[in-house]
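Biologist: I want to go through the labels on this model and hear what stands behind each. Take me through it, please.

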Amino acid sequence: MEDKKFTVHKSMVLSNRKALALYLFKINRADDIPKIMALSVDLDTFIGDRVPLEIVTREIDLAVQLLQEEYIGLKIMELTDVKALPLYKGIKLCINPLLKAELEIPFIVLCRLVSRYFKVITESIQVTLVIEKSLLRLDFNPSMPELANNHQIDGVILAVHKILAEFSALQPVRLTIAHRNSTHGSELYKKLLGIPAELASKKNSLYYPLMKNYSSQSNLNLSAGADISIESSFFIGPLHYMLDKEFPDLSYAERCQHILMTIIGLSEATRETVAQVLNMSVSSLQRRLREEETSFQKVLLHTKKVMADKFLVEQNLSATDVAFLLGYQSHSQFFQAFKRWYSMTPMAYQKLHRSHSRSDY
């Protein structure tokens with residue numbers, strides 16, 4: 001089986017190059033710009049909008065060797081215009097109806113959009129959203145640990161923070177880093193993110209408060225008791241169009257699952273909603289899934305099981321919170337469905353599997 005080839009969007013590469021040039025002007029090293037340009041790969045060499053991750057990583061490594069800057073990833077991203085990135089533009093298109101209606105955008109919605117679609121601009125780092133009892137945690141894991149460098153991890157952490165800050169005033173409350181051996185010179189993290197970096201054994205993570213005055217994840221559910229205008233205005237079509245354009249080889253089952261994992265608990269997880277996001281008729285979607293020897297109901301069930309396992313085992317949430325995060329109107333509905341899936345209660349399943357998958361902090 002061929003190894004997956006990770007890529008970076010050309011707009012991200014160009015934005016970083018522009019920011020690097022600005023940084024060199026800032027520190028009075030403009031004479032180094034021609035040297036940096038000589039190290040840069042001609043992007044027209046690559047067909048389409050994406051560049052192999054190995055090429056981009058090598059270019060960063062060469063620039064670091066020339067400049068001898070320990071925190072060049074942070075310094076470049078500080079000067080990068082995130083509004084020029086496709087991810088920012090896609091998120092803005094998705095939430096524009098909410099902004100125009102002056103509706104408050106739940107922070108978890110922004111985090112879901114960023115984490116689920118971050119690969120549109122780069123696959124260098126996988127961004128994962130984790131829900132804790134009182135915090136939202138964003139984890140940053142290199143797609144190719146053997147090739148990843150500290151500067152890419154730093155840059156992605158700051159990029160996510162800057163994108164979220166464009167749409168919300170909520171500030172992070174904690175930052176843990178595992179990609180560096182010390183916090184020497186890391187006052188830059190505090191300057192740019194508002195919080196100092198703490199060394200961690202395994203995780204690069206950015207933490208945000210869950211919500212003010214909210215005691216349960218059930219309050220995060222938009223389709224149960226929330227203002228219906230929020231749910232009806234929440235549409236991820238523009239973002240998913242970008243994903244399909246960048247990754248056209250995804251199967252329809254994979255596309256459906258990606259959409260469902262984004263909207264479950266935030267909007268109606270129906271075949272009609274998914275078909276609308278894919279800009280196709282329900283009958284066409286069903287036909288495509290049949291050609292792949294599956295169905296919408298099978299994909300939906302599999303997605304709910306995957307998400308339930310993550311919430312119960314990996315994130316150690318209560319069954320009641322998981323019920324609402326999966327879009328169930330009551331915890332009893334979730335309990336009944338879960339027992340049909342596994343012939344045991346969510347609590348029994350959690351107890352059976354938790355010891356094997358609990359995150360080590």
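Modeller: Start with the element names: helices (H or I, at least four residues) and strands (E, at least two) are DSSP runs, numbered from the N terminus. A269 sits in the loop between α11 and α12 (271–277). It's a predicted model, so local features need pLDDT of at least 70 and side-chain atom pairs count only at pLDDT 80 or more, while totals for chains, interfaces and linings use all residues. Numbering runs from 1 along each chain as its sequence is written, and side-chain values use heavy atoms, with hydrogens and water left out.

Biologist: Why does A269 count as partly exposed?

Modeller: Buried means under 20% relative accessible area and exposed means over 50%, with partly exposed in between (1.4 Å probe, protein chains only). A269 comes out at 22%, so it falls in the middle class.

Biologist: What does A269 touch?

Modeller: Contact means heavy atoms within 4.5 Å. Leaving out residues up to four places away in sequence, A269 touches L260, I263, I264, F296 and L300. As for I259, A269 is ten residues from it in sequence and 8.8 Å from it in space, C-alpha to C-alpha.

Biologist: On to the sheet. How do you know that β4 and β7 pair?

Modeller: Two strands pair if DSSP finds at least two bridges between them. Strand β4 (residues 135–142) and strand β7 (residues 205–209) have five, and they run antiparallel. D139 has S205 as its bridge partner in β7, and L136 stands opposite Y208. The antiparallel strands β3 and β4 are joined by seven bridges, with V130 partnered by R137 in β4. Three residues lie between β3 and β4 in their hairpin.

Biologist: What makes β3 and β6 edge strands?

Modeller: The order in this open sheet of five strands is β3-β4-β7-β5-β6, with mixed pairing. β3 (125–131) and β6 (197–199) each have a single partner strand, so one side of each has no neighbour in the sheet. On average, neighbouring strands are turned by 25° against each other, direction ignored. Axes are lines fitted to C-alpha atoms, for helices over the stretch in contact, and angles run from 0 to 180 degrees between N-to-C directions. Helix α6 (residues 107–117) lies across β3, β4 and β7, at about 150° to β3.

Biologist: Why is β4 described as largely enclosed?

Modeller: Six of its eight residues are buried, so the rest of the structure largely encloses β4.

Biologist: What makes something a pocket and not a cavity?

Modeller: On a 1 Å grid over the protein atoms alone, a cavity is a set of points where a 1.4 Å probe fits but cannot get out; a pocket is an open set with protein on both sides within 12 Å along at least five of seven lines, and lining residues have an atom within 4 Å of a point. The largest pocket holds about 1,100 Å³, a volume being the space filled by probe spheres set on points joined across faces, edges and corners. Its lining has 32 residues, with S115, R116, V127, T128 and M261 nearest the centre. β3 gives the largest share, seven residues.

Biologist: How many cavities of 30 Å³ or more are there?

Modeller: Two, from a search of the whole structure. The largest cavity has about 40 Å³ of space, and its lining residues include L53, I125 and Q152.
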